[in-house]
Amino acid sequence: MTGRAGPRYDHIVIGSGAGGGTIAARLAEAGRSVLVLEGGGDPLTAGEGRTADDYRVPVFHPMASENSAFDWPYFVRHFADAARSKGDRNLCDKGIFYPRAAALGGCTAHNAMIFLPPPDADWDHLAALTGDAGWSAAAMRRHRLSLEACRHRLVRRLLAMLGHDPTGHGWRGWLSVERAMPLKALGDLRLVRMLARLALADLGRDAGWRQRLALFLANWGDPNDVRRGGGEQLCYLPIATRHHARTGTRERLLDVARRHPDRLEIRTHVWASALLFDGGRASGVRWEQRAGRGAPVTAAGEDHATGDVILAAGTFETPKLLMLSGIGDPEQLGRHGIPVRAALPEVGRNLQDRYEIGIVHRMARPWASLRGASFAPGDRLYRQWRWLRRGMYTSNGGAIAALRRSRQSEGRDPDLILMGLLGRFSGYRTGYAAETWPGLDGFTWAILKGQTRNRAGTVRLDPRDPRGQPEIDFHNFEQGGDADLDALVESVGMARALSAALLDEGLIAEEEVPGSSVTGEALRQWISCNAWGHHACGTAAIGPVLDAQARVHGVEGLRVVDASIFPRIPGLFIAAPIMMAAEKIAADMLSRG
């Protein structure tokens, strides 16, 4: 093992996920020399066996999140009081499993690929908070256009080419966004019948059905059409695939590196161990090369940048690296004997997430569209995906979604999404992927609560091993009173109302989790205990830690560009807002020379 001082770059980016991959590629395209350091490997060449298919095949995303070739699992706490977690069905000795990826592309290598930009109100709130009009919804639209390549509205795409486009979609961006078409797979008549019954139930639930029907006929269930205007809607969920195979920042980085090999260098299996400084300025990164997490170090060295070092290691690792570099709460740093470089007490605080729960059903009969599925390479549906790019494997498992507004919603935008999944999903735990499909007769309303009010979570260095996995505690439901919990209780009522139509039709046999008998206070306690999340953000937020251009207060030449930056969790899914934010920050950097 030898150390070396590497060449100087304009920028060094630590992490290749939604934030790091996006900004690195954009800066390189604009003529900057960029080094990307990624701790994981390329999922299409790493490991053995089915690793590449776990990455590529959309419906395999649960298996991707547990694939040892590129998963990077964390175990977190939902409550500071361990007694409150005892009823959580996902709890194990280590805590609650929280899947993350160490791979080229970061968590875009294993997520469910859902592309759903946040509502205008979230960007306008950030603009008002920072005083930077560049964060306004009007300004952020151009970054969506540079990001999105919509491929699921063919007629609208053709009209856009002729200059008529009321949808707000991007058509020429770098991220292909498609609609999976599972109904074309086998003509599953029961699935068609179920979706039709749900649509009728949705239209019949209140007096606003005429407006919702008119909206549906205008945009055909597209939740990203700006004409929705924040309204409720029964819809499909667009996903980031190209020719119905996963795509993300991995493909973006490799494309730019192929076109500009002199500007973009990507190193995998390289872990940042420390930030380097020249006086008060971040000047580079010390790194270690190893085959995987916990593997022996095979090489070590450092590289330097003439411009900004960009930290994009994720909501858990970014604050850890900041704290190890002396940037954080002086009291916390003092406990570890770390000299204070910048006193920023909010580093590692403000951790927040969305709450999710799963209402799991057993169908009366297995899904015809899943007949013959073993969710492994080689089965009939896999061959259909591989050779024809058709069938259920083009999907992430989602059949339909309902955007809903609870009584606790802030503003006009829905704070709930109910996703109908053809499988069983009741939270993350080791081995959960294998429990999703047995019997091929599962149906889950996966409910996600946005606009969450709890920002009490923390990421702290582990006193036993500061360089190891940090201590992560979400402090669920600690802030915001009962509003989030009330909304989740209400959402179960919404899901059960939709399922009632399917029960009446004889499509659903029973509710397995939590069970139809769990109501009232028992339901409230069950939700409080079992709610989970997987969109962690906020631990190096704009405001207390960063300025409006994501520069770390008190440290020159250091920026953060990942989910850590959001002072308040945006929208309903995290990937699109991170990518849009990265495009915005890149534009800020390039406009300043």
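Reply: **Strand 22 and beyond**

Let's start with pairing: strand 21 (residues 416–421) and strand 22 run antiparallel and are joined by six bridges. Two strands count as paired if DSSP finds at least two bridges between them. Strands (E, at least two residues) and helices (H or I, at least four) are DSSP runs, numbered from the N terminus. Before going on, note that this is a predicted model, in which local features need pLDDT of at least 70 and side-chain atom pairs count only at pLDDT 80 or more, while totals for chains, interfaces and linings use all residues. Residues are numbered from 1 along each chain as its sequence is written, and side-chain values use heavy atoms, with hydrogens and water left out.

How enclosed is strand 22? Eight of the eight residues of strand 22 (residues 442–449) are buried, so the strand is largely enclosed by the rest of the structure. Buried means under 20% relative accessible area, exposed over 50%, and partly exposed in between (1.4 Å probe, protein chains only). Both faces are covered: G442, T444, A446 and L448 are buried on one side, and F443, W445, I447 and K449 on the other.

S273 itself lies in strand 13 (residues 270–278) and is buried, at 17% relative accessible area. After helix 11 comes G326, with a positive phi near 85 degrees.

Finally, some rings. Rings of Phe, Tyr and Trp (its six-membered ring) pair if their centres lie within 6.5 Å; planes under 30 degrees apart count as stacked, over 60 as edge-to-face and the rest as tilted. By this rule there are 19 aromatic pairs. In one of them, the ring centres of Y74 and F316 are 4.9 Å apart with planes at 65 degrees, so the pair is edge-to-face. Y74 sits in strand 4 (residues 74–76) and F316 in the loop between strand 16 (309–311) and helix 11, 242 residues apart. Y74 is buried at 2% relative accessible area, and F316 is buried at 3%.
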